[in-house]
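Thank you for making time for this one.

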Amino acid sequence: MSEIRILSATGILGSGFREETLKRAMRLKPDFIGADSGSTDPGPHYLGSGDTLFSDSAYKRDLRLILLAARAAKIPAIIGSACTSGSDPQLERLVTIAREIAREEKLSFKLGMIHSEQNKNYLKRKLREGKVRPLANAPEFNEQVIDRSAHIVGMAGIEPFVEALEHGAEVVIAGRSSDTSIFSAIPVMRGLNPATVWHAAKILECGAACVVMRKYPDCMFATVRDDHFIVEPPNPEYRCDPASIASHNLYENSTPYELVEPSGVLNTFSAKYEAVSDRAVKVSGSTFKAAERYTIKLEGAELAGYQSIIIGSVRDPIILRQFDSWLAGLTRAAKDRITAVFGTGIEAKYRFDVRVFGRNATMGPLENETRIGHEVGLLFQVTADTQELATALIKSVSHIAVHYPVPEWTGLITSIAYPYSPSEIARGPCYRFNMNHVVEPESPLEMFGIEYEQV
Amino acid sequence: MMRLWQVTKLIRSKNSGPFELTFDVIFKDRETYEKVRDAKLISAEWFARTYRLTPEVVSVIHYDAANAIKVTIPRPAISGDVDDTDVFGGQQYGPLVDLEVP
């Protein structure tokens, strides 16, 4: 096999792509279609709760077009990091959608499902054996952390994909997996130079993110040969240039020169980026160093509590001129009221925070700018062990805050504008990412169960 | 006096995973990139001061292939945690925008 032609449908399944672009790309005869479906970017909620970033309808729209195109061309379709975090419930959700599509469109295929959710006893054993290592800025990790986690996933490399494809899977839907593995599995399996393949995969994994000016999510296409790959957007409105492709290595990565995968490290230090037309770029020269020890990255999330919040704003110049002392007094009064209602001892059972929009809501204590404008936004936030308690406490805050006085005005004032009735909003459970570690498995497949189904 | 935003095509911040924050400063041309790079305007010390860290935990990488400087720091809070202000880490680059360029 001298070259592999890869179609990346979109940067994240559910965000969309143009149907017309997919059709154009299919005329370029890809060897497979890949799409990532996950990210930790939107925060710990998705891994913790099993909820998904996009709606079922959005996943179904994108997956339907991918499956129809792949089955018509008799090429594999590979989806990784199912439904945001790639936990078991999210994998099941995407598989259910795939089954529905198959029924509605009368498609039939062998489906491979890769499970990335981790067994807690397995992880405890690995921890005891000294086979779990921290990555940068990792929080403390121990058996209690494992026990507290709502879900823990391992980020699969190419090996489970290769295994599923070698078993004849025509559609592979995986739980958490590295974005690049989705695109690297087939070319590495067919013997292409891993350095070229992993670099191409890094460029492809975000779909059209590597174009000069991305106006909307769309497909991307690359032709990968042993010593170079050529990337060219299938959408005629888009173009890539050497700078846009080189710049993409910066994205969501702590260094543009290295990409760490379970099986090794891609190094792009000596990569060359050359224009082959005004919209296509040839990339060559990266290297890949196999890892001494194969490692799988873990992601976990645990419950941090339940929150209720209030949104409001202040416009009175008199209040704004003494904003800090007014807010400090209000906070004290709110906490006193909570203690008066719920008794001493309540202090240890909740956390009260105020976010001040127009002052430092974005950078918090790191903000150096001290000026405030003609109004500020306030977000009161109570975190407690149950939703009932969080809401009960914030109801006390609401009334105290809205009438909190300033010395200049005599009589009862209403000092905060609340846009909603009721003013309080229950946010539900809040989660926390609680690990940044790698595990050394005995084999690359050990942590990933694969199931097959004739759909 | 030019400001950093005037000589760059992109200044951005973003999570590099939930535990790190990474900044990209991509210049419009090679000449200005090299001038700013060699003047060490964007340094571990500046980031340490601005984001209240020790310089040792700041990684500064000069990426000639894209005329870009990349800086990675530990996240001030874990993404999405109770203390966090910016889940995607996307709005932490503000202090860079109006830096004076020599």
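How far does helix 12 of chain A reach from its first C-alpha to its last? Please keep in mind throughout that this is a predicted model. Helix 12, which runs over residues 323-342 of chain A and so has 20 residues, spans 28 Å between those two atoms, close to the 28 Å expected at 1.5 Å a residue.

Now to the sides of that helix. The buried residues of helix 12 of chain A are A:Trp326, A:Leu330, A:Ala334 and A:Ile338, and because they cover an arc of only 105 degrees around the axis, they sit on the same side of the helix. An α-helix has 3.6 residues a turn, so residues three or four places apart point the same way. On the other side of helix 12 of chain A, the exposed residues are A:Asp324, A:Ser325, A:Ala328, A:Arg332, A:Asp336 and A:Ala340. As for what covers the buried residues of helix 12, the list includes helix 11 (317-321), strand 16 (350-357) and helix 13 (387-402) of chain A. The residue that follows helix 12 of chain A is A:Gly343, with a positive phi near 90 degrees.

In helix 1 of chain A, residues 19-26, the buried residues are A:Thr21, A:Leu22 and A:Ala25; seen down the helix axis they fall within an arc of 100 degrees, so they line one face of helix 1. Those buried residues pack against strand 1 (3-8), helix 3 (56-73) and strand 8 (220-225) of chain A.

Let me step back to the whole chain. Chain A has 13 helices and 20 strands, its C-alpha atoms fill a box of roughly 85 × 50 × 45 Å along the principal axes, and 47% of its 455 residues count as buried. Among the contacts in chain A with a separation of 6 or more, 76% come from residues 24 or more positions apart.

Which strands stand at the edges of the open sheet? The sheet has 10 strands of chain A with mixed pairing, in the order 12-13-9-8-1-2-3-7-4-20, and its edge strands are strand 12 (272-275) and strand 20 (449-454) of chain A, each of which pairs on one side only. Neighbouring strands of this sheet are turned by 20 degrees against each other on average, with direction ignored. Within the sheet, strand 3 (residues 77-84) and strand 7 (residues 171-174) of chain A pair in the parallel sense over three bridges, and A:Ala77 stands opposite A:Val171 in strand 7 of chain A. Helix 4 of chain A, residues 88-105, packs on the sheet, where it touches strand 2 (32-38), strand 3, strand 4 (110-115) and strand 7 of chain A, and its direction makes about 130 degrees with that of strand 3.

In soluble globular proteins, nonpolar side chains tend to be buried together. Here the largest nonpolar core has 141 residues, of which A:Ile173, A:Ala222 and A:Val231 touch the most other members, while strand 15 of chain A, residues 296-314, gives the most to this core, with eight residues. Leaving aside residues up to four places away in sequence, A:Ala222 touches several residues, among them A:Ile6, A:Ala200, A:Phe229 and A:Val231.

Technical notes:
Residues numbered from 1 in each chain as written. Chains lettered and ligands numbered in written order. Predicted model: local features only at pLDDT ≥ 70, side-chain atom pairs only at ≥ 80, totals over all residues. Helix = DSSP H or I, 4+ residues; strand = E, 2+ residues; numbered from the N terminus. Buried ≥ 20, exposed ≤ 12 C-beta atoms within 10 Å, placed from the backbone. Contact = placed C-beta atoms within 7 Å. Expected span 1.5 Å × (residues − 1). Arc of directions from axis to C-beta. Pairing = 2+ DSSP bridges. Axes fitted to C-alpha atoms, helices over the stretch in contact; angles between N-to-C directions. Core = buried A, V, L, I, M, F, W, Y, C linked by C-beta atoms within 7 Å.
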